[in-house]
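User: I have a structure open and would like to go through it piece by piece. Can you help me read it?

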Amino acid sequence: MFWEKEIETISSSDLKKLQLIKLHHTIEKAKKSDYYKKILKKTKISTLKDIESLPFTSKQDLRDHFPYGLLAEDLTESVRLHSSSGTTGNPTVVFHTKEDIELWADLVARCMYMTGVRKHDVFQNTMGYGLFTGGLGFHYGAEKLGMLTIPVGPGNSKRQIWFMQQFSTTAVHILPSYAIHLYSSFQELSLDPKKDTRLKTAFIGAEPHTNALRVQIENLYGIKAYNSYGLSEMCGPGVAFECPQQNGMHIWEDHFYVEIIDPKTGQILPDGEEGELVLTTLKRSAMPLIRYRTRDLTRIINEPCLCGRTHRRIERIKGRSDDMLIINGVNIFPMQIEQTVMQFPGVGNNYRIEILKENHMDRINVLIEVHEEIFNGTLSKLDQLKNQIIEALKSECGVTPKVKLVEPESLPINEGKAVRVFDMRRNEEE
Amino acid sequence: MADHLSIFLENKPGKLEKVTHVLADANINIHFISVASLGEFGVIKTIVDKPDIAHKALKEHHFTVSQKKILIAAIDDRPGNLHELLALFSENDINIEDCYGFPIKEQGKVGIVIEADAYPKIETVLASHHIHCIDLNEIT
């Protein structure tokens with residue numbers, strides 16, 4: 001039932017005691033970083049509530065103090081870094097000590113174990129490996145749990161299905177949109193995942209999705225799908241996870257101190273009210289973060305859970321309090337896309353970027369009006385420009401866009417809108 | 001001497017007709033027209049009697065137009081002659097962007113339209129080999 005029963009079912013008062021001890025450690029540790037040194041100089045914490053007197057830490061703070069400003073350990077103690085996508089602006093970089101990686105793996109193992117997967121299961125990881133934490137986080141967790149782990153990585157649906165069949169995969173980690181997309185590949189091969197695979201569990205996450213989509217995935221594959229929440233600033237996946245009740249995600253309060261705030265005023269909101277999730281790391285060494293604004297909107301469910309775990313739950317993520325886009329699981333800011341497109345001479349302001357769903361997967365469409373600055377009369381030059389933009393965006397965002405060259409005056413006039421990135425995905429779902 | 005007008009167009013029904021409509025309204029005579037497409041978009045190339053006026057009219061109608069100088073070399077209509085002309089370019093390292101030909105019946109010659117970037121080198125090469133370049137009005 002439990003990976004670590006004592007901690008998962010800890011009483012509220014014991015949890016608070018534990019959190020206070022860990023918070024002291026975290027603050028002392030954080031003071032070793034250039035960034036927190038000044039901020040936390042006179043900080044005295046005697047109760048958990050005292051944390052409310054500390055300032056928030058934002059993604060911008062991480063960017064402004066790139067690359068080592070928040071590093072609280074000697075760099076030689078770090079064994080890994082993970083980073084957000086792209087190089088526009090400063091990416092957010094997170095460091096891990098060996099201990100951080102071990103604690104993270106244990107946390108992900110706890111999450112997976114909770115859903116019922118065990119050592120004899122065969123786990124196929126279809127998430128991206130690399131700087132993105134989704135792939136490696138689950139990989140380490142699955143190995144810690146003792147499952148046979150197949151690090152297939154993303155894409156190549158036929159190969160995914162081949163592995164699932166050859167090695168009797170029972171559990172997968174998959175983007176919800178890719179799960180739907182992959183089902184159509186099963187159909188093309190005249191296969192039915194219900195009959196032709198041994199799948200029983202899917203861990204879905206890295207992009208916002210509705211309960212309806214989860215149910216659809218469960219029905220198509222004849223499996224249970226569990227929602228996963230995490231962010232690289234905290235470690236990666238493993239921050240919160242669904243138990244077999246599938247009603248909200250237990251957020252591991254022995255690792256993170258949880259607050260919900262009004263994103264506009266910064267005011268702390270009571271349990272049950274929707275707001276922005278703010279997290280303080282309680283166990284991280286290389287890069288402790290205090291009152292980190294996740295920008296994810298959710299609410300806390302504090303009623304006891306039938307599974308017996310005492311850690312409170314958060315509801316599935318409702319959205320963001322900033323303009324961050326999640327494209328096939330990759331976090332991207334509109335500015336990254338804009339700056340990449342605008343670096344091409346002559347493109348100027350004559351462009352529009354659309355994010356939409358195509359065949360259940362996210363796609364970036366870049367529409368560029370062809371004006372004389374970029375037209376010398378030859379097709380080859382246009383084709384070259386098109387390919388250069390595709391390559392540049394691929395390297396910045398990790399997503400291959402579709403570039404469409406259009407005639408002048410064919411794009412709608414921007415009414416003083418600074419941002420030319422249009423997310424059309426929500427409209428389609430409604 | 002003549003000009004190519006290249007027009008950027010999306011590859012959609014009715015697009016070409018919009019171009020000919022503008023040219024017809026401006027009383028422009030089209031001598032040659034060709035379409036090259038890359039799927040979703042393409043480039044129309046045309047030789048017209050009044051390129052400057054045509055260019056202006058198209059721009060006024062928000063088309064993206066590029067005007068480029070071309071040469072029309074008049075060569076004898078007999079086997080191997082085009083090859084000799086092209087060999088000349090090749091020897092002199094001249095790259096051809098676009099090239100096509102048409103018969104000039106009454107003279108027993110062929111006009112070879114050449115779009116290249118290597119001016120005036122290309123003209124010097126042609127002149128030194130006594131290849132005559134014709135004006136549009138010589139043939140229309």
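User: What domains does the assignment give for chain B?
Analyst: The assignment gives domain 1 (2-68) and domain 2 (70-139) for chain B. Such bounds come from an automatic or database domain assignment. This is a predicted model, in which local features need pLDDT of at least 70 and side-chain atom pairs count only at pLDDT 80 or more, while totals for chains, interfaces and linings use all residues. Residues are numbered from 1 along each chain as its sequence is written, and chains are lettered from A and ligands numbered from 1 in the order in which they are written.

User: How many residues does each domain of chain B put into the contact?
Analyst: Domain 1 of chain B gives seven residues and domain 2 of chain B gives five. Two residues are in contact if their C-beta atoms, placed from the backbone, lie within 7 Å. Strand S1 (residues 2-10) of chain B supplies three residues, the largest share of the domain 1 side. By class, that side of domain 1 of chain B has one nonpolar, two polar and four charged residues. Here Ala, Val, Leu, Ile, Met, Phe, Trp, Tyr, Cys and Pro count as nonpolar, Asp, Glu, Lys and Arg as charged, and the others, Gly among them, as polar.

User: And how far apart are the C-alpha centres of the two domains of chain B?
Analyst: They lie 24 Å apart.

User: How many helices and strands does chain B have?
Analyst: Chain B has five helices and seven strands. Helices (H or I, at least four residues) and strands (E, at least two) are DSSP runs, numbered from the N terminus. The order from the N terminus on is β-α-β-β-α-β-α-β-β-α-β-α.

User: Switching topic: how many residues of chain B are in contact with chain A?
Analyst: 15 residues of chain B are in contact with 16 residues of chain A. S1(B) gives five residues, the largest share of the chain B side. That side divides into six nonpolar, five polar and four charged residues.

User: Which strands of chain B form a hairpin?
Analyst: S2(B) and S3(B) do, with three residues between them. Strand S2 (residues 30-37) of chain B pairs with S3(B) in the antiparallel sense over seven bridges; strands pair if DSSP finds at least two bridges between them. Ile30(B) stands opposite Val48(B) in S3(B). In the turn, Gly39(B) has a positive phi of about 85°.

User: Now helix H10 of chain A. Which residues are buried?
Analyst: In helix H10 (residues 211-221) of chain A, the buried residues are Arg214(A), Ile217(A) and Tyr221(A). A residue is buried if 20 or more other C-beta atoms lie within 10 Å of its own, exposed if 12 or fewer, and partly exposed in between, with C-beta atoms placed from the backbone.

User: Why are they on the same side of H10(A)?
Analyst: Because they cover an arc of only 60° around the axis. The arc is that of the directions from the helix axis to the C-beta atoms. On the other side of H10(A), Asn211(A), Ala212(A), Val215(A) and Asn219(A) are exposed.

User: What do the buried residues of H10(A) pack against?
Analyst: They pack against helix H8 (176-188), helix H9 (193-196), strand S6 (201-205) and strand S7 (224-231) of chain A. Just after H10(A), Gly222(A) takes a positive phi of about 65°.
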